[in-house]
Each structure stands twice: as C-alpha cells, then as structure tokens.
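Subject: Structure for your files

Hello,

Please find the structure below, with the sequence. My notes come after it.

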Amino acid sequence: MKSNISSHQLSMFDSNPADLNSSDGIECAVADSIESAIAAIHEGTAIYTSAPEIEKLLDLLTWPACGGRLHDPACGDGNMLVAALERLKPAPGDFQEAQRIHGIEFHHESVLDARQRCAAVLENHGWDQTEAFACAEALVIQRDFLLDEIDQTWDVILANPPYWRRARLPGSYRDAFDEVTPHHARGDLLNAYLDKMPAVLAEGGQMALVTSDRWLANAGTGRLREALGDRFCVSHVERLDTASAFHRPKKREKDTPPRVHAVGMILSNEGRAIDASPFIVDEIPEVDGIPLEEIVTIRLAPWLGPDGIFLLDRPDAIPGAKTVPCVMPRGIDSETGEIGKPVRWAIVTGDEPPPPSVARHLEREMARMPKRGRREATPWIPPERFDKHLPLAEDAILIPRIATSLRPIRLPAGRLPVNHSLVLISGMSWEDVSTMLSHPLVQAQADALAPRVESGYRSYTATLLRQLIIPHEAIPVALKKAA
Ligand SMILES: C[S@@+](CC[C@H](N)C(=O)[O-])C[C@H]1O[C@@H](n2cnc3c(N)ncnc32)[C@H](O)[C@@H]1O
C-alpha cells in the first residue's frame, strides 16, 4: 500500500526510534503506523453522503453557475466530486474546466476509488480514457487535510467532514493532531475541519456542509462558533434524516445509521449570524403570550450528594431522624411517566443541629461527600438546602431533563424530587400547568430549543423552560382574570 507521509508525520515519530536499527526500518515503521492510524480513522469516519443531499447542496450553491473552483477536503470515494463533475460536464480535453473540481482524501484506496469514478464521468462525457485518468489524478490528491500544509484556496467547499472524537484517535495520530490544531478545535476531527476549512476558502467563498449538529449547540464549541461567526453567516440550515442521508462504503458489513443528528447547511457572507451562543437549528415559532417563568416557579430539584449520606434506603434507618420520601429520576417510568413507590428518603435538617444519632451518621458518612457538597461550619445541612420550601404541600409538576418530548409528570404532594435531572414547576395546579405545556405551540418551542442527545432523546433544562412563551389562549382563565 502506498503512503503519502508528510514531513510533519515523520517528525512526530523521531522521538521514538530506539528499537529500530536502520533508517529504512524507521521509515517502514512510520509508514505502518501511519497507515494503520489512517485505516482506523477511515473505518470510523467513512460515512458517505447520499446523492439527494449532495444535489440539494449543489442547488443551493448554484453550482456550477456560481463560478470558481470547488473543493471537498474529505472526499472519501468521491461522491461529492462526482456529483459536481456531472453538473460541470467539461468538454473532452478541457483540463482547465475539469480542474474546477478538487478533492483531498488521506485513505489510499479511497483516493483510487474517487479517481476511478471521476475518470468514468469524464469518459462518459466523451473524454479519451488516458486523458480522463490523467485528469482524475490531478482532481483527487492523497493528503492529510489536517496535518499537512495546504497551500491553495478554493471558492466553494463542499464537504461532509469526518466526525470522530479526539479521545478515540490512535495515540500517534493524536499527538500530531494536537500539535497543529488550536485548543478550541481539538475536541473532534469535525471541529478541527471547521477550524481549518476557512483557511483554504477564498475571500467571499461559500461552504456547503453536511455535519453533526453538536458543534452548533454544545457549550464547549462556543469559541469555534465565534471564530466561524467572524467570517460567516448561516444562509441555509436544515435537519437531515440520518437514516437516508448517509451510507457506508459497499464493502462494509455494518450498516447501521450513524448516531448523529445531522444538518445540511450553507455558510456564506449573508444569513443568520453565528456567535459563541448556541445556534438553534429549528425555527422557534413566534408566540404571542406570557413567559412561563412569569406564571410559575421553575427550579432544579436539589442535589443531596451520594446515597447513604443524606439519602437513606429506609425511612427509619436512623432512629430519631426526620425523613421525607423522595422521587429520583430512575423512579419514573420512562414509558408511562408514572412515579413508583419511594426507594429513598432524605434526612430533613434545618438551622438547628440535628439529634445526636443523625449527627453521628453524618459524621461517619461525610467522607464520601464530594467537596462541593460539604459545609464545614454546619455539616448537618445538605449540599442544597430544601427544608424551607420542599416537599410541597400540593401536587406539582416534574419535567425529566432527558426525555423524548417535553412531558409534565405529576409530583404528588409530600414527595421530595431529588437530582438536577429533574426540573420542578410549582405555583399553579397540575391540571393548568399540564394544559399549558401540552399546547402545540409550547411543544414546538421546546422541540426547537432542546438540544438532541442520543437515540431520539432531548435535553429539557430549567433554562429552556424559562424561555418558553405560553400563548394567551393556553393561559388559565383564572390567571387572565387576575391579570
Ligand atoms: C464522512 S466521509 C465523507 C466522504 C464524502 N465527502 C461523502 O460525503 O460521501 C469523510 C472522509 O474523510 C476522510 N478523512 C478523515 N480524516 C481525514 C484527514 N485528516 N485528511 C483527509 N481525509 C480525511 C475519511 O477517510 C473519509 O473517507
């Protein structure tokens, strides 16, 4: 297998030649190591884009009428290049026109596949076979887009950049990756691509991307968004159906859809601004109404530390202790939303020191409490105090943070919700809150705002709930009258 090893890649192995006894040996070992790292990354990232998604992006770019040169910096077996070339239809022998298309790929076999496919397109358009192959060699080159220096620029980038967490990179590759990738872009190959692609895009150029939506919403990628936002706006973004938008190379057996939430998007100099704050992909419906947080109280359920300190598995485990039954996230049936029988009881303590039996228990167990949960002067008070306002005397509403939809669950009076994965809404009857949250416009806002996590689940935080606007028609009559 051929290798295209950059000087950068060679230098990263220089520090470890002890067990190699000739310079040929070093080169072979380096080649093997690089080849296996590339093979592993290719195996993990070769999730190819389906034709309709590529055509849609080419339409949005108005390729080839938009002019200029188009580049795919992670071209795989050439899906995107082939589609762009098919539209370009360069006349036989017109190398200059054909070379408006260009691709980079670091996996040797895929480079050969991509060249073969581009040559076939040219031949179909009447090119002589030898010229078609010579041209295809120039269209697709074997390089590492991230580690190698790329000294050209293009007017359009069309890409489905690899998506692979830094922690999963083979160690040798990771060292080289860290050396050339700025800190804010190191979390994933995708982030590094998003950071580097603008450098090879001519002023005023456009980027058409198929990517996971994670970098748009995650708190950790704010700096990356900010850097992109200095130059680009989002002129188009839409969610893609992951099951149909991608496919694996034919020879692969595994064919499960990738576990990402993908978007197709165009970054150019017009459209929605992008900055360090999370970028909301879905349109949030405009609602004429009142913010939920002005109508009810929204708070996180308290965190009381690990089991066995403030949380007991029996109400009478400590004689003399005052306890309340808890509701934990795992005690809620994810299908029905029903709250099961209590399996934990929280010790209730207040301003005054507790009975000696409780003090002794807490002293014995407190070593297991993380630092952030300890109170040196008043060790009997839990990490997040609840005794003055919880449990509630009336039924209230719980929202599990990780769920498939925004679902209000009835919290019976006298039960204490525990854990930051539960958001508590109080100050109005269960029926009224439930009616407000079930309104389609409220559900649509929640769907747009809630970041997608895995397997169809989304994250409904207290911050999100505070942003919801309740339409006037869903506000309880009694409240309207009072207003
Ligand atoms: C998601 S596939 C996209 C292929 C093609 N553009 C498509 O959409 O069908 C990503 C490709 O990037 C390649 N790749 C990953 N890291 C790379 C790097 N640093 N330099 C060049 N190619 C890389 C992988 O081998 C893989 O073929």
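The model is predicted, so local features need pLDDT of at least 70 and side-chain atom pairs count only at pLDDT 80 or more, while totals for chains, interfaces and linings use all residues. Residues are numbered from 1 along each chain as its sequence is written, and side-chain values use heavy atoms, with hydrogens and water left out.

Ligand site

The ligand is surrounded by 22 residues, and the closest are His 42, Thr 49, Asp 72, Glu 105 and Asp 144. A residue counts as near if one of its heavy atoms lies within 4 Å of the molecule. By class, this shell has twelve nonpolar, six polar and four charged residues. Here Ala, Val, Leu, Ile, Met, Phe, Trp, Tyr, Cys and Pro are nonpolar, Asp, Glu, Lys and Arg are charged, and the others, Gly among them, are polar. At least two residues of the shell come from each of α2 (23-45), β1 (48-49) and α4 (79-88). Helices (H or I, at least four residues) and strands (E, at least two) are DSSP runs, numbered from the N terminus.

Three polar contacts (pairs of N or O atoms within 3.5 Å) involve side chains. Asp 72 places a side-chain N or O atom 2.9 Å from a nitrogen atom of the ligand. For Asn 79, a polar side-chain atom lies 2.9 Å from a ligand oxygen atom. With Glu 105, the distance from a side-chain N or O atom to an oxygen atom of the ligand is 2.7 Å. On its own the ligand has 600 Å² of accessible area (Shrake-Rupley method, 1.4 Å probe), and the protein covers 100% of it.

Helix pairs

The axes of α6 (residues 108-124) and α7 (residues 129-139) come within 8 Å and cross at roughly 135°. That makes α6 oblique to α7, and their crossing is right-handed. The axes of α4 and α6 are 9 Å apart, at an angle of about 15°. α4 is therefore roughly parallel to α6, and this crossing is also right-handed. Axes are lines fitted to C-alpha atoms over the stretch in contact, with angles from 0 to 180 degrees between N-to-C directions. Angles under 35 degrees count as roughly parallel, over 145 as roughly antiparallel, 65 to 115 as roughly perpendicular and the rest as oblique. A crossing is right-handed if the near helix is turned clockwise from the far one by less than a right angle.

Backbone

Trp 63 to Pro 64 is a cis peptide bond, with omega near 5°. Pro 64 is in the loop between α3 (51-61) and β2 (70-72), where Thr 62 is also found. The phi of Thr 62 is positive, near 55°.

Regards

Conventions: A polar contact is a pair of N or O atoms within 3.5 Å; within protein, one must be able to donate a hydrogen and the other to accept it, and residues adjacent in sequence count only if both atoms are side-chain atoms.
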